[in-house]
Amino acid sequence: MKNLKKIISAIMLLVIAASSMLSPVYAEQESEDYAQAIELTSQLEIFVNDDFQPKNNITRAETAAIVTRLMGYSYEELPKVDSGYYDVSESHWALPYINMLRVIGIMVGSEDGYFFPDQNVTFDQMVKILMSVAGYGQIAESHGGYPNGYNRLASEHKLFKNVPQKGNSYLTREEAAQLIANALELEVVFLNHSDNNSMQYDTDGTTVLERFMKIYKTEGVIKANSYTRTVGTDEISKGTVEINGAVYGVGNTDADDYLGYYVEAYYKENDEYLVAVLPKKNDVYEISAEDFISYQDHFIFCETKNGRDKKYRI
């Protein structure tokens with residue numbers, strides 16, 4: 001009887017995963033097309049400011065910050081010395097990020113010593129930056145250079161998924177979030193051999209997300225939290241959830257709230273705690289205790305308002 005009560009308590013908040021109901025912090029301002037990307041990049045702390053301003057153009061200083069975070073650098077390890085640029089003072093908020101990307105050659109200023117931190121970034125410029133992060137810079141240069149060589153490779157590797165190409169037009173923050181989200185899935189390549197005639201590249205199969213941020217992705221239905229589960233009777237520890245048979249700590253995420261949802265979940269390498277959880281497209285049904293009839297073989301049976309029996313698969 002105790003086990004049946006557990007099953008019934010899960011049913012009261014039943015969520016049948018079919019496929020997204022997402023309520024990100026910025027829903028009033030952003031385009032729904034970019035909601036998932038904004039939520040993901042915010043949960044991963046690539047974008048960190050609460051006032052996202054999705055329609056604003058993104059600047060070079062902002063780009064330096066988000067790309068540095070994308071590459072997994074913590075603020076503490078960034079160089080906070082003089083930037084060497086006339087327009088980036090020692091008190092500039094983005095100084096450490098600008099310094100880091102200058103050191104590794106991902107973003108540099110002009111030959112006469114200016115970085116132009118408040119200048120807006122174009123779509124093509126962001127494409128070049130992200131493809132360079134993933135190791136495709138020299139390949140792109142050998143295939144036509146900027147911007148065509150970079151755009152060609154970006155298209156082949158699906159960097160433009162869910163975002164229109166805008167060429168030399170300025171990039172908005174929500175469009176940047178989508179490009180960043182796509183870049184997380186880029187496979188990182190490494191120069192293995194180079195001579196006058198050819199370049200050879202290798203890859204170990206890791207993505208930007210895995211290689212730089214040390215974060216891994218899984219997908220599946222959250223079938224249990226520390227309070228109850230949708231199927232079975234096994235209990236799990238407080239502050240954890242079960243996805244695909246694996247148990248993860250909820251960390252600072254809202255994973256506990258998504259019992260029964262099909263989700264994308266992100267966790268740190270060698271760490272059992274989640275760092276981001278996004279529900280995918282789900283159909284949500286609420287079933288009252290009075291309407292519940294039975295549960296059998298992954299099906300919930302209930303009575304509808306017109307007195308008919310209905311079943312839902314979970």
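Author: Let us start with a term: contact means heavy atoms within 4.5 Å. The model is predicted, with local features needing pLDDT of at least 70 and side-chain atom pairs counting only at pLDDT 80 or more, while totals for chains, interfaces and linings use all residues. Residues are numbered from 1 along each chain as its sequence is written, and side-chain values use heavy atoms, leaving out hydrogens and water.

Reader: Which residues does Met 126 touch, not counting residues up to four places away in sequence?
Author: Met 126 touches Ile 58, Thr 63, Ile 66, Val 121, Leu 171, Ala 176 and Leu 179.

Reader: What makes a set of residues a nonpolar core?
Author: The members are buried Ala, Val, Leu, Ile, Met, Phe, Trp, Tyr and Cys residues joined through side-chain atoms within 4.5 Å. Buried means under 20% relative accessible area, exposed over 50%, and partly exposed in between, with a 1.4 Å probe and protein chains only. The largest such core here has 64 residues, and Leu 44, Met 126, Met 131, Leu 159 and Leu 179 have the most contacts inside it. Helix α5 (residues 123–133) gives the largest share of this core, seven residues. Apart from it lies another core, of twelve residues, including Ile 222 and Leu 274.

Reader: How are the helices and strands assigned?
Author: They are DSSP runs numbered from the N terminus: helices are H or I with at least four residues, strands E with at least two. The chain comes to nine helices and twelve strands.

Reader: Why is α2 called roughly perpendicular to α8?
Author: Axes are lines fitted to C-alpha atoms, for helices over the stretch in contact, and angles run from 0 to 180 degrees between N-to-C directions. The axes of α2 (residues 35–43) and α8 (residues 173–183) come within 8 Å and cross at roughly 70 degrees. Angles under 35 degrees count as roughly parallel, over 145 as roughly antiparallel, 65 to 115 as roughly perpendicular and the rest as oblique. Therefore α2 is roughly perpendicular to α8. Where they meet, Ala 37, Ile 38, Leu 40 and Thr 41 in α2 face residues of α8, among them Glu 174 and Ile 180.
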